[in-house]
Amino acid sequence: MTLKRLISLITAIALLLCSFAATAEEEAPIVFDVTDFISSLSDLDLTPHKGKVITLFFYDSNTPECLNTLPVWKAVHDTFDPLTVEIILVHAWDGEGQEESDALKERFQLEGMSIYEDKNCVLCTSLGINEYPNTLFLDPHGTPASGYNGQMGHTTITEYLKSLGAQTVIDPQASAIQ
């Protein structure tokens with residue numbers, strides 16, 4: 001994607017958002033689904049996850065804060081019902097390769113999680129992400145709900161995901177006791 005096309009897309013999105021100015025009589029929230037836009041920037045296809053809360057966690061393997069946060073994201077992943085939330089780890093390859101990625105998967109037991117290998121940082125660069133860790137939250141409509149640059153704790157992430165409608169996994173032993 002050329003810089004001129006990217007600027008044109010961003011301008012079109014800004015104009016589209018400005019054209020939805022709400023009046024006092026309108027109570028409905030503005031819904032702007034960016035899943036197709038993100039999919040157009042790379043081969044990361046978010047469309048199968050429409051209707052879920054989608055979290056994109058951008059990281060690299062050279063930043064200690066990223067490595068410290070990966071176990072938190074694994075725990076969050078294991079906390080939520082996969083029918084209501086999709087957590088995608090976006091591994092920014094900045095001079096890295098498949099060997100580093102495989103080592104991280106094994107070290108942090110990330111098998112079973114969605115991991116997108118952003119080779120040459122195409123997606124990160126297209127979205128203007130140049131610091132890691134970085135997180136983008138999309139609500140079930142695909143609308144950006146929030147973003148955060150830096151480390152986040154388990155409680156902060158889980159409470160925020162719940163506020164967006166994500167459901168936790170029900171522990172069968174806990175429900176049998178009740």
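Predicted model: local features only at pLDDT ≥ 70, side-chain atom pairs only at ≥ 80, totals over all residues.
Reader: Let's start with H3. How many residues does it have, and how far does it reach?
Author: Helix H3 runs over residues 64–79, so to speak: 16 residues, reaching 24 Å from its first C-alpha to its last. That is close to the 22 Å expected at 1.5 Å a residue.

Reader: Where's the kink in H3?
Author: At Leu70, with an angle of about 30°.

Reader: OK, and which residues of H3 are buried?
Author: Cys66, Leu67, Thr69, Leu70, Trp73, Lys74 and Val76.

Reader: What do those pack against?
Author: Strands E1 (53–59), E2 (85–93) and E4 (134–138), plus helices H4 (98–107) and H6 (154–163).

Reader: Switching to rings. How many aromatic pairs are there?
Author: A search of the whole structure turns up three. In one of them, Phe57 and Trp73 sit 5.2 Å centre to centre with 35° between the planes, and that pair is tilted. It links distant parts of the chain, since Phe57 is in strand E1 and Trp73 is in helix H3, 16 residues apart.

Reader: Are Phe57 and Trp73 buried or exposed?
Author: Phe57 has a relative accessible area of 0%, so it is buried. Trp73 also has a relative accessible area of 0%, so Trp73 is buried.

Reader: And what kind of pair do Phe137 and Tyr160 make?
Author: Edge-to-face, because their planes are at 70°, which is over the 60 degrees needed for that label. The ring centres are 4.9 Å apart. This pair links distant parts of the chain too: Phe137 is in strand E4 and Tyr160 is in helix H6, 23 residues apart.

Reader: How buried are those two?
Author: Phe137 has a relative accessible area of 1%, so it counts as buried. Tyr160 is at 24%, so it is partly exposed. The cut-off for buried is under 20%.

Reader: Which rings join up into a cluster?
Author: Phe57, Tyr59 and Trp73, linked by ring pairs.

Reader: Now the core. How many residues are in the largest nonpolar one?
Author: It has 42 residues, and Leu56, Leu70, Leu89 and Leu161 have the most contacts inside it. H2, E1, H3, E2, helix H5 (122–127), E4 and H6 each supply at least two residues of this core.

Reader: What does Leu56 touch?
Author: Leaving aside neighbours within four places in sequence, Leu56 is in contact with Ile38, Leu44, Leu46, Ile88, Val90, Asn134, Thr135 and Leu136.

Reader: What about serines? Where is Ser42?
Author: Ser42 is in the loop between helix H2 (35–41) and E1. Its relative accessibility is 15%, so Ser42 counts as buried. A polar atom of the Ser42 side chain lies 3.2 Å from the backbone nitrogen of Leu44. Not counting residues up to four places away in sequence, Ser42 touches Tyr116 and Leu123.

Reader: And where is Ser61?
Author: Ser61 is in the loop between E1 and H3. At 15% relative accessibility, Ser61 counts as buried.

Reader: Which side chain does Ser61 have a polar contact with?
Author: That of Glu96, at 2.5 Å.

How values were computed:
Residues numbered from 1 in each chain as written. Heavy atoms only, no water. Helix = DSSP H or I, 4+ residues; strand = E, 2+ residues; numbered from the N terminus. Expected span 1.5 Å × (residues − 1). Bend = angle between axes of the 7 residues up to and from the residue. Buried < 20%, exposed > 50% of the residue type's maximum accessible area, 1.4 Å probe, protein only. Contact = heavy atoms within 4.5 Å. Phe/Tyr/Trp six-rings, centres within 6.5 Å; stacked < 30°, edge-to-face > 60°. Polar contact = N/O pair within 3.5 Å; in protein donor to acceptor, adjacent residues only side chain to side chain. Core = buried A, V, L, I, M, F, W, Y, C linked by side-chain atoms within 4.5 Å.
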